[in-house]
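Dear colleague,

Please find below the structure that I am handing over to you, followed by an account of what was found in it.

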Amino acid sequence: MEIYILLLAVFGAVVLLTAWLPMLLKELPLSLPIVCITIGMLLVWSPLFPVIAANPLENRLVTERLTEFVVIVSLMGAGLKLDRVLSWSGWESTWRLLGIAMPLTIFAIALLAGAILRLDLAAALLLGAALAPTDPVLASDVQVGPPQSGEDDDVRFALTSEAGLNDGAAFPFVYLSIAIALSQVSGEPFFADWLLVDVLWKLTAGVAVGWIGGKIMGHLMFRLPNRAGLSETGDGFVALGITCLAYGSTELINGYGFLAVFVAALAMRSVERKHDYHERLHGFAEQIERLVMMVLLVCFGAAIAEGSIFGALNWQVVVLAVLILLVVRPISGWISLMGFSAPAKEKAVIAFFGIRGLGSFYYLAYALGQAKFAQAEVLWVTVCLVVLMSIVLHGIVVTPVMRHLDQGRPPVRQAEK
């Protein structure tokens with residue numbers, strides 16, 4: 001039997017499960033990513049193993065490109081579903097998580113990685129930068145609902161907006177680790193170039209291109225006369241075009257495309273906040289995101305069962321992974337929310353649900369393609385273990401925890417401020 005035919009059959013099954021499983025798992029203490037990984041493991045132990053033997057984790061470039069794509073689509077979806085108007089007070093929890101929790105997490109992971117895994121400065125900082133951002137792809141169960149759904153409480157809003165912005169905010173630290181690694185070889189100074197280009201220019205370019213581009217797209221959708229607006233097409237795949245255009249145009253001028261995509265979505269919502277077309281755009285982006293996510297996680301599960309990604313696993317890596325998920329993120333998140341006007345249990349949930357996922361794979365794959373890092377295999381096994389543990393741990397507890405928080409709360413809480 002041709003491998004191509006088998007691959008089509010497996011892909012078809014994955015597509016059907018993409019639509020069906022979220023409905024079945026809605027009330028269970030089980031997440032879609034857990035099921036995807038399990039499917040991948042079962043396929044390895046079945047006669048279909050040759051079909052998926054070539055997993056993306058064995059190819060750095062494939063891993064980089066696929067995870068890059070699913071993250072940018074997820075960022076567009078996250079931005080589109082945020083109903084809350086952008087403001088300093090309304091987004092206070094977001095600024096706290098970005099400005100305090102994420103840097104604390106990066107440096108804490110780097111220090112622990114140096115002490116426990118004996119990584120050098122560049123590798124330890126890269127590990128911190130890769131594992132500090134929360135993941136917009138795998139965190140859908142703790143995010144706000146679709147546009148204008150009213151599912152916009154403080155917990156879901158904080159986790160959604162954090163996941164949307166910290167992917168771009170983490171990039172300066174990724175580039176800092178790359179600059180240090182290159183400097184260790186060449187001996188050339190790096191700090192001034194890093195500060196001017198990788199921090200100031202790229203962040204500014206990402207925000208500016210995203211905001212201006214989003215405003216322009218918003219006017220093309222909702223402000224053109226005589227039914228000429230893009231919204232009149234009713235096509236959801238416009239979201240994919242806007243995502244790729246925002247990302248590609250920003251990267252062409254050496255800016256942070258991740259940041260631009262999320263900001264572009266916010267800018268489009270600001271032009272016309274109530275239009276039903278936002279829901280169509282978000283729905284299409286979510287479907288594409290879920291499909292690519294399932295394919296990647298099935299391959300991840302296959303790689304786990306095959307054993308190729310945990311060859312360098314040892315007790316030090318396990319200890320570090322446990323500390324990252326159960327100590328570093330919760331404490332950093334709690335510190336950042338000190339003084340924030342929310343109930344203690346809500347702040348605890350925000351601090352705990354720092355879900356790690358496909359974005360961490362992207363950062364690591366990208367950095368390893370830009371410079372040579374010591375103990376790259378240890379970096380891979382650590383990231384893979386943290387992501388796996390995060391998927392299982394957060395996937396099991398998310399449904400009962402969020403249900404408990406929702407009890408006694410009005411079913412619809414519009415949080416525009």
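What covers the buried residues of α6? In this predicted model, the covering elements include α5 (92–116), α8 (171–186), α13 (315–336), α15 (358–370) and α16 (376–406). Helix α6 spans residues 121–131, and ten of its eleven residues are buried. Among them are Ala122, Leu125, Gly128 and Leu131.

Leu127 is another of the buried residues of α6. Leaving aside residues up to four places away in sequence, Leu127 touches Ile109, Ala113, Leu117, Leu119, Leu320, Leu379, Thr382 and Val383. Together with Phe300 and Phe373, Leu127 touches the most other members of the largest nonpolar core, which has 132 residues. Helix α16 gives the largest share of this core, with 14 residues. In soluble globular proteins, nonpolar side chains tend to be buried together.

I turn next to the second largest pocket. Its space amounts to about 340 Å³. The lining is made of 15 residues, of which Trp95, Leu98, Leu165, Val207 and Leu259 are the closest to the centre. Two or more lining residues come from each of α5, α7 (154–169), α9 (191–222) and α11 (257–271). By kind, 14 residues of the lining are nonpolar, one is polar and none is charged.

The salt bridges form the last topic; their count comes to eleven. One of them joins the side chains of Arg60 and Glu64, with a distance of 2.6 Å from N to O. Arg60 and Glu64 are four residues apart in helix α4 (residues 60–80), so about one helical turn separates them. Arg60 is partly exposed, at 31% relative accessibility, whereas Glu64 is buried, at 5%.

A salt bridge also links Asp83 with Arg269, whose closest N and O atoms are 2.9 Å apart. Because Asp83 lies in the loop between α4 and α5 while Arg269 belongs to helix α11, the pair ties together parts that are 186 residues apart in sequence. Asp83 and Arg269 are both buried.

In helix α5, Glu92 and Arg96 are four residues apart, which means that about one helical turn lies between them. They too form a salt bridge, with 3.0 Å between the closest N and O atoms. Glu92 has a relative accessible area of 26% and is partly exposed, while Arg96, at 18% relative accessibility, counts as buried. Finally, salt bridges with shared partners join Arg60, Glu64, Arg65 and Glu68 into one network.

With kind regards

Definitions and conventions
Residues are numbered from 1 along each chain as its sequence is written. This is a predicted model: local features need pLDDT of at least 70, side-chain atom pairs count only at pLDDT 80 or more; totals for chains, interfaces and linings use all residues. Side-chain values use heavy atoms; hydrogens and water are left out. Buried means under 20% relative accessible area, exposed over 50%, partly exposed in between (1.4 Å probe, protein chains only). Contact means heavy atoms within 4.5 Å. On a 1 Å grid over the protein atoms alone, a cavity is a set of points where a 1.4 Å probe fits but cannot get out, and a pocket is an open set with protein on both sides within 12 Å along at least five of seven lines; lining residues have an atom within 4 Å of a point. Grid points are joined across faces, edges and corners, and a volume is the space filled by probe spheres set on the points. Ala, Val, Leu, Ile, Met, Phe, Trp, Tyr, Cys and Pro count as nonpolar, Asp, Glu, Lys and Arg as charged, and the others, Gly among them, as polar. A nonpolar core is a set of buried Ala, Val, Leu, Ile, Met, Phe, Trp, Tyr and Cys residues joined through side-chain atoms within 4.5 Å. A salt bridge is a side-chain nitrogen of Lys or Arg within 4 Å of a carboxyl oxygen of Asp or Glu.
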